Amino acid sequence: MIKGIFSKSKKLKYATLPSELSKNEVPEGIMTKCSNCKKIMYTRELQKNLKVCLNCGYHLPMKAYERMNSILDEATFIELNEDMKTGNPLHFPGYEDKIAGDIKKTNMNEAVVTGTGEINGNKVVIAVMDSSFRMGSMGSVVGEKITLAIETADELSVPFIIFTASGGARMQEGVLSLMQMAKTSTALKRFSDNGGLYITIMTHPTTGGVSASFASLGDYNFAEPGALIGFAGRRIIEQTIGEELPEDFQTAEFLLKHGQLDAVIPRLELKEKLSLVLEMHQTGGDLEW
Amino acid sequence: MVGLDFDKPINDLKDKIKELKDFSENANVDLSTEIEKLELRLKKLENDIYDNMKPWDRVQIARHPNRPTTLDYISHLFTDFIELHGDRGFGDDEAIVGGIAKYKGLPVTIVGHQRGKDTKENIRRNFGMPHPEGYRKALRLMKQADKFNRPIICFIDTKGAYPGKAAEERGQSEAIAKNLFEMASMQVPIVCIVIGEGGSGGALALGVGNHIHMLENSTYSVITPEGAASILWKDAAQAKQAAEKMKITAPDLKGLGIIDSIIREVKGGAHHDIKEQAVQIDEVLYASLKELKGMTKEELVNHRYDKFKNIGAYKNS
C-alpha cells in the first residue's frame with residue numbers, strides 16, 4: 001500500500017514527455033536496454049545473441065533483414081517485389097504521410113520483406129513481417145507480397161516460411177485490408193493442395209486479421225517464447241466479458257497449452273529446428289529404403 | 001524395482017545369491033560351489049516361471065510401473081524427434097505424444113499413448129488415458145503424415161480413453177470414431193505396436209494399421225479384466241478369471257488372427273532391459289516398414305481394408 005503511494009508520487013514528480021526519437025526505436029548505440037528486465041547491455045553482444053536478452057532471455061523484436069540474416073545461409077537471400085509501395089486507395093486523411101514517415105524511419109517500403117533463400121542448404125521462399133512499420137499491419141501491399149511469395153513457392157515447389165509480427169488489419173485501407181485475409185488464405189489452400197509445405201513462426205505480436213488468416217494456417221505452427229498471439233485485444237475482451245484475464249493470457253505458452261501451436265521454439269534454436277523439419281520433408285532422401 | 005507376485009521367488013533367490021556373494025567377498029570365504037548351485041537353480045526357476053506365465057501375470061507385467069513407455073522407445077529407436085503439440089482446437093493432451101522423427105534415415109510420424117513414470121507425471125498425463133483432444137491431435141499429425149507421404153508408427157499403451165464428464169462433453173466417442181474412419185483412408189504405411197495395455201476403443205483409436213504387432217507381455221482387449229468381471233459377474237475381484245477367459249494376451253490375439261506378430265520380450269518383461277527390448281522391436285518394425293514401403297498408395301488402403309474385413313467370426317446357417 002505504502003509502496004503504491006510512493007511510486008505514484010514519484011511518477012508525478014518525474015513525468016516527462018517522450019521525444020519523437022524515443023517514441024520510435026532505441027537508437028542504435030553502444031548499449032541497449034532490455035524492454036523486459038531493464039538491464040542495460042552491449043548492443044553488439046545482444047545482437048550476437050540474436051536479440052535475446054542475455055539477462056532474462058526476453059526475445060526483443062527483430063528487424064526484417066536482421067531476421068533474414070539470422071535464419072538464411074550467408075548470401076543466399078534474393079528479395080522479391082521490394083519496390084512495391086502502398087497507395088491510398090480510400091483517400092484516408094494523413095495515410096500517405098504516415099507511410100512516408102515509416103519508409104524513412106525503417107528503410108523499408110512496407111511491413112513485410114519477401115524473397116528466396118536457403119536454410120542450411122534447403123531452398124525456401126521466406127517472408128518476414130516487421131512490426132516497426134505501421135505495427136506490421138496488413139494492407140494491400142502486405143497481402144499482395146505474401147500472396148506472390150506463396151505463388152512463387154508453389155511454382156518452385158519449395159517450402160514457404162513466414163515470420164509473422166502484426167497488429168492486424170491496416171485500418172487506413174478498410175475492407176481492402178480485410179480481404180487480404182481471404183486472398184492470402186486462398187493462395188495457401190491452393191499451395192497446400194499441391195502438396196506444398198508451409199511453416200509459420202509467430203513472433204511478438206501476432207494478432208487480429210493476421211493471426212486469423214495466414215499466421216494460423218501452417219502445416220507447422222511455431223512461435224517464439226513469450227510472443228503475444230491472439231485475435232481480439234486483451235482490453236476489448238476484458239471490457240466485453242467484464243473480468244480480468246490471467247497474466248499469461250494470449251502468450252505463446254498459453255496457446256501451446258490450448259492446442260493452437262505445435263511447439264514454442266527459442267530463437268537461438270530456431271534455425272537448426274527449422275532446418276531439421278525441412279530436411280524431413282525433402283523427397284527422394286530415403287533411397288536406401 | 002517393484003516386484004510382482006508371480007516372479008517373487010525369482011527375486012528372492014536373486015537377493016539370496018547377492019547376499020552370499022557379498023558375504024564371501026567380505027569374509028574371504030570360498031562359497032563358489034554354493035553360489036553356482038543357486039545360480040543353476042535360478043535359471044531353472046526363471047524358465048519355469050517365465051515360460052508358464054498366466055494371462056494375469058502378463059497383465060501385471062503390462063501394467064508394471066517401470067514398463068518402458070512410448071517416449072522411451074522413441075528415444076531408443078528414432079533420431080531427431082521433434083514433438084508436436086495440440087489439436088488446434090481445444091488443448092494439448094499429454095496422454096498422447098506425437099511428432100516427426102527419422103527412422104534409419106526415413107522421415108516418419110510417431111504417435112502414441114504416454115503414461116507417466118511417477119505420480120506427478122501421471123497426473124499431468126492423466127495416467128495415459130486420453131481426452132478427445134488427444135485423439136484429435138493424433139489425427140491431425142496422421143493427416144499431416146498422409147499429406148507429406150510419411151509412414152505412421154503408433155505405440156499403443158492405455159487402460160482406455162478417459163471416462164470423464166469433460167471427455168463426454170467434448171465428444172470422446174466422435175473423436176475415437178473419427179480416427180478409425182480417417183485412418184482407413186491414409187495412403188501411407190501404418191504400423192501399430194501394442195507396448196503395454198491395449199484398452200478398448202481408446203487403444204483402437206491409434207490402431208487401424210496395416211500391421212499390428214504386440215509385445216509378448218502386452219494385452220489388447222475390449223475392456224480391462226476388472227471391467228469385464230464387474231459387468232459379467234458383478235465382481236471386479238474376479239479380474240484374474242476374466243483375464244483368462246477374455247483372450248487378451250499376445251498369443252491369444254495371434255491365434256485369433258488379429259495381430260501380425262508377437263515381439264519377443266526380455267525375460268521377465270521389457271522393464272528388465274529397455275535397450276534390449278528396443279532391439280527386438282526394431283527388428284520387427286524394420287521388416288514391417290520395409291514390406292509396406294513396397295506397396296502403392298492404393299495397395300496400402302486396400303491392404304488395411306482387407307485386414308479388418310477379415311476379422312470376425314460368424315456362422316452362416
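The elements that cover the buried residues (buried meaning under 20% relative accessible area with a 1.4 Å probe, protein chains only) of helix α10 of chain B include α3 (55-62) and α11 (239-245) of chain B. Helices are DSSP runs of H or I of at least four residues, numbered from the N terminus. The model is predicted, and local features need pLDDT of at least 70, side-chain atom pairs 80 or more, whereas totals for chains, interfaces and linings use all residues. Residues are numbered from 1 along each chain, chains are lettered from A in the order in which they are written, and side-chain values use heavy atoms, without hydrogens and water.

Within α10(B), residues 225-233, Pro225(B), Gly227(B), Ala228(B) and Ala229(B) are buried. Lys234(B), just after this helix, has a positive phi of about 50 degrees.

In chain A, helices α6 (residues 140-156) and α7 (residues 174-193) pack with axes 9 Å apart and at an angle of about 5 degrees. Axes are lines fitted to C-alpha atoms, for helices over the stretch in contact, and angles run from 0 to 180 degrees between N-to-C directions. α6(A) and α7(A) are therefore roughly parallel (angles under 35 degrees).

Beyond four places in sequence, the contacts of Phe160(A) (heavy atoms within 4.5 Å) include Ile146(A), Ile150(A), Leu188(A), Phe191(A) and Ile199(A).

Conventions:
Buried < 20%, exposed > 50% of the residue type's maximum accessible area, 1.4 Å probe, protein only. Helix = DSSP H or I, 4+ residues; strand = E, 2+ residues; numbered from the N terminus. Parallel < 35°, antiparallel > 145°, perpendicular 65-115°, else oblique.
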